[in-house]
Amino acid sequence: MTSRSRILCAALCLLLAAGCARPSPPGEADRGPDLPYDYPFDNPWTATVLGTPAEFQVQLPADARVVRRNLKVFEAREVPEGFWHTDRLRYSTLLQDHAAPLVFVIAGTGADDQSRHMLMLGQVLHAAGMHVVLLPSPTHANFIVNASASRLPGYPESDAADLHALMRLIDGRLRESVEISRYHLTGYSLGGWHAAYVAKLDDKKLDLGQAGFGFDRILLINPPLSVYRSVKEIDAMLVRGLPDGIYGLDAFLNRAIARLAAYPGADALDFQDPDLKIEAYRRLRPSDDQLATAIGLAFRLSAANLVFTSDVMTGAGYIFPRDRPFLSTTPLSEYLAVALRTSLLDYFDDMLADTYLDREPGRTRQDLLDGTSLSAIGEWLSREQRIWLMTNRDDVILAPGDLDELVRVFGPRARIFPNGGHMGNLQHRAVAAFLADFFSR
């Protein structure tokens, strides 16, 4: 890892370590099954960064066995030597020793199967009696390299096709040793958005007499309504605490690290300590603008990884030269610097849109933008009683008006918690109880 990469990772550790009752009609959800919803943070920025304090968290079994597995999706695909460490698709399972439903879980932007949110969801669902398969996001490098047919994630139909094909491969493997009674589907953040499109594709395949799952219950957890609108919100977050815009990023990180290091004993801090984020928050006392910038930075790091990986895998020459092999010895600092200044909107305009518009004559850029919204499949979602929404009223990735539209689409199938920011309350015991109850019916 380059020195710049280490600085970025350290800063994120300091500022962003975060990361049964019947469902109620749309509105404030204040109780799980006999559990009060007493999530403590009313500030959505604080909630998003700090997550759920230990005293409010669900108690998870200590003996849940998470097994990490791998497979080769495209046998003939050549993987650049620089991606030697990610040359097979990796996923995780938590399996029962008896017949049970299987839940596929799709990770959020830039996350893999071992992310904190994924492991928590896996443990909650496994404890509720499910087989669980944890999948990386189509925007994660491991997925782009190994499971993306186009190597250009972000287009809903192609991402859904890649995910569905991967699920079929994994299901075929599991059925050799595991008895599966039915199938469920969920995902958080962008993974929730993906889950909606995977479910729609599965229905289409079944209607055509093709192989599918016939998902019984589907839950979208804190999804964006429109990826395009949410990306605009996230890009605005990044520069909220940077007076000089993106070019003030280095100074922002250096100040944060220097302030923490100024306290006695700071050199002994363990950056893997799950309580570090609370200590850092107390020491740094960041403003809302600084917290917003930390959240925006986390998303920008994911975007940088996506852009660089897609560029190398497609040979687009956007950041990495077309005529240069990508090797494990390739210096990455100069490419990282460019990637960090490349937003997901830049990626959409300069790589994704051009590719798909060339493939689909007659479509416009606006058609593609409109296609990033769940409203594009809103009519189908509104009549699918098995598909539910769970989100927070103060989710920071939703643009003005997005929550109202989500409620309009899902109606009484929207479970909305009054606070929690973006995924900040996922580990809260009442939220976990709702999750377990939803899939246990």
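**Exercise 1.** Determine whether Tyr-39 is buried or exposed in this predicted model.

*Solution.* The relative accessibility of Tyr-39 is 5%. Buried means under 20%, so Tyr-39 counts as buried. The relative accessible area of Tyr-37 is 11%, and Tyr-37 is therefore buried by this criterion.

**Exercise 2.** Classify the ring pair formed by Tyr-37 and Tyr-39, and then the pair formed by Phe-438 and Phe-439.

*Solution.* A pair of aromatic rings is described by the distance of the centres and the angle of the planes. For Tyr-37 and Tyr-39, the centres are 6.5 Å apart and the planes meet at 15 degrees. Planes under 30 degrees apart count as stacked, so this pair is stacked. For Phe-438 and Phe-439, the centre-to-centre distance is 4.9 Å and the angle between the planes is 90 degrees. An angle over 60 degrees counts as edge-to-face, and the pair is edge-to-face. Both Phe-438 and Phe-439 are buried.

**Exercise 3.** Identify the ring over whose face Arg-217 lies.

*Solution.* Arg-217 lies over the face of Phe-438, at 4.1 Å from the ring centre. Likewise, Arg-168 is placed over the face of Phe-213, at 5.9 Å from the ring centre.

**Exercise 4.** Which residues of the largest nonpolar core touch the most other members?

*Solution.* This core has 49 residues, and those touching the most other members are Phe-104, Met-167, Leu-185 and Leu-374. Helix H6 (residues 190–207) gives the most to the core, with eight residues. Beyond four places away in sequence, the contacts of Phe-104 include Met-167, Leu-185 and Phe-213. A second, separate core has 45 residues, among them Ile-221 and Met-390.

Technical notes: Residues are numbered from 1 along each chain as its sequence is written. This is a predicted model: local features need pLDDT of at least 70, side-chain atom pairs count only at pLDDT 80 or more; totals for chains, interfaces and linings use all residues. Side-chain values use heavy atoms; hydrogens and water are left out. Rings of Phe, Tyr and Trp (its six-membered ring) pair if their centres lie within 6.5 Å; planes under 30 degrees apart count as stacked, over 60 as edge-to-face and the rest as tilted. Buried means under 20% relative accessible area, exposed over 50%, partly exposed in between (1.4 Å probe, protein chains only). A charge sits over a ring if NZ of Lys or CZ of Arg is within 6 Å of the ring centre and within 35 degrees of the ring normal. A nonpolar core is a set of buried Ala, Val, Leu, Ile, Met, Phe, Trp, Tyr and Cys residues joined through side-chain atoms within 4.5 Å. Helices (H or I, at least four residues) and strands (E, at least two) are DSSP runs, numbered from the N terminus. Contact means heavy atoms within 4.5 Å.
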